Amino acid sequence: MKTYKNIYQKVCSFDNLILAFRKARKGKSKKDYVIKFESNLDENLRLLQSDLINKIYSPCNLKKFVIRDPKTRTIHASIFRDRIVHHAIINILNLIYEKIFIYDSFASRKFKGTHKAVKRFESFIKKVSSNGKLIKNNFNNNSIKGYVLKADFRHYFDTINQEILIEILRKKIKDEDLIWLIKSVLKNFETDKKVGMPLGNYTSQFFANVYLNELDYYIKHILKAKYYIRYVDDFVILQKNKKRLEYFLKHINYFLPCLKIKLHKDKTEIHALRNGITFLGYRIFYHYKLLRERNIRYFRKKLEKNIALYKNKEISLEQLESRINGWLGYAKFGNTFNLIKKIFSNKLCKINLSF
């Protein structure tokens, strides 16, 4: 196995810190804290570089807040200076780990994402069902053969064991200075048991993939599950035979104690493909895919609120359009022409918007 030494200096290089700054600034260039940091950019980055080289860098306390989108989540946000450090770390680690991540891990990776994962899922449905072969006594043309094991982990980010994560990283990273910096970022999260990573940190997204890459390899190369997809802590395995999926699930549960994480019992089930499968915000059938009802209800409420804000001149037309376009990008990926027409025809014609 190839390992990497003396890479901390690459993390601390000024060129890498400049690149990290640009990535951290993306989409936030008008924020006051970004403008302030950028107003004296060279000096601020030189000071940060000095702190890293001399190993006196210490991250600031995380800012905690709750969002509902629609699921309630607790987010821990780092200050801008610390976010630059996070990007500096991942800039270097990504060059190492992108080579070893499995193809079918789709979260927080360049050229991947939810839409690519859903397309992959649809291609697997075709293979498992022998291009839509119907069951006996089928009730419509979506009544295809095949099954899917759909699972996620119970409180995944809160239960990741930091010591196990460091052990996994040490398999590839033979640079104790970089390990020191990673530990500094991890221990900044409020925990006494060295477990958990904060939702909201860029590093958390990356390390979540590193942690579950161990499971990816077990499922793909030991269990030989060909039709496997993971997106953060959600994963699916498709198979023609239900008993084979039961075998996979049993052995996955045998494996997980070594990572000290558990599957969510209420969200881990084997489903027949003919019933349609909920995956990454869509209800997917063989011939079409719809949006989750919960997401539609949440968007309707949000749309009403944003239109009211616009009418009261609390947000601009451009801001209203921006808030709508993100959802439209998600919605239009499904078979949703009539749904979009129904939602927007009455709401937006009064304010001269057209989508």
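These numbered points walk through selected residues of a predicted model.

1. Start with G281. This residue sits in the loop between β7 (277-279) and β8 (282-284). Is G281 buried or exposed? G281 is buried, with a relative accessible area of 12%; the cut-off for buried is under 20%. Leaving aside residues up to four places away in sequence, G281 touches L290, L291, R292, N295 and Y330. Look also at T114, which is 167 residues from G281 along the chain. The C-alpha atoms of the two are separated by 8.9 Å.

2. Next, N201. Find this residue in the loop between α9 (176-186) and α10 (202-222). N201 counts as buried because its relative accessibility is 3%, and buried means under 20%. Which residues does N201 touch, not counting those up to four places away in sequence? They are L62, H76, S78, H86 and V185.

3. Now step into helix α10, where E214 is found. E214 is partly exposed, at 23% relative accessible area. Its contacts, not counting residues up to four places away in sequence, are I168, K171, F255 and L259. I270 is 56 residues from E214 along the chain, and their C-alpha atoms are separated by 23 Å.

4. Turn to charge on the surface. A patch of positive charge gathers K71, R73, K267, R294, R297 and K301. Which helix gives the most to this positive patch? Helix α12 (residues 293-311) does, with three residues.

5. K71 lies in the loop between β1 (63-68) and β2 (72-77). Its relative accessible area is 40%, so K71 is partly exposed. Patch members must have over 30% relative accessible area, and K71 has 40%.

6. Check the backbone at K55. This residue is not a glycine, yet K55 has a positive phi of about 55°. K55 lies in the loop between α4 (41-53) and β1. K55 counts as partly exposed, at 36% relative accessibility.

7. Finish with N131. Where does N131 lie? N131 is in the loop between α6 (114-128) and β3 (147-152). N131 also has a positive phi, about 60°, although it is not a glycine. N131 counts as exposed because its relative accessibility is 60%, and exposed means over 50%.

Terms used. Residues numbered from 1 in each chain as written. Predicted model: local features only at pLDDT ≥ 70, side-chain atom pairs only at ≥ 80, totals over all residues. Heavy atoms only, no water. Helix = DSSP H or I, 4+ residues; strand = E, 2+ residues; numbered from the N terminus. Buried < 20%, exposed > 50% of the residue type's maximum accessible area, 1.4 Å probe, protein only. Contact = heavy atoms within 4.5 Å. Patch = residues over 30% accessible without salt bridge, like charges linked within 9 Å, V, L, I, M, F, W, Y side chains within 5 Å. Areas by Shrake-Rupley, 256 points an atom, 1.4 Å probe, with all protein chains shown as cover. Salt bridge = Lys/Arg side-chain N within 4 Å of Asp/Glu carboxyl O. Lys, Arg positive; Asp, Glu negative; His and termini not counted. Charge placed at Lys NZ, Arg CZ, Asp CG, Glu CD.
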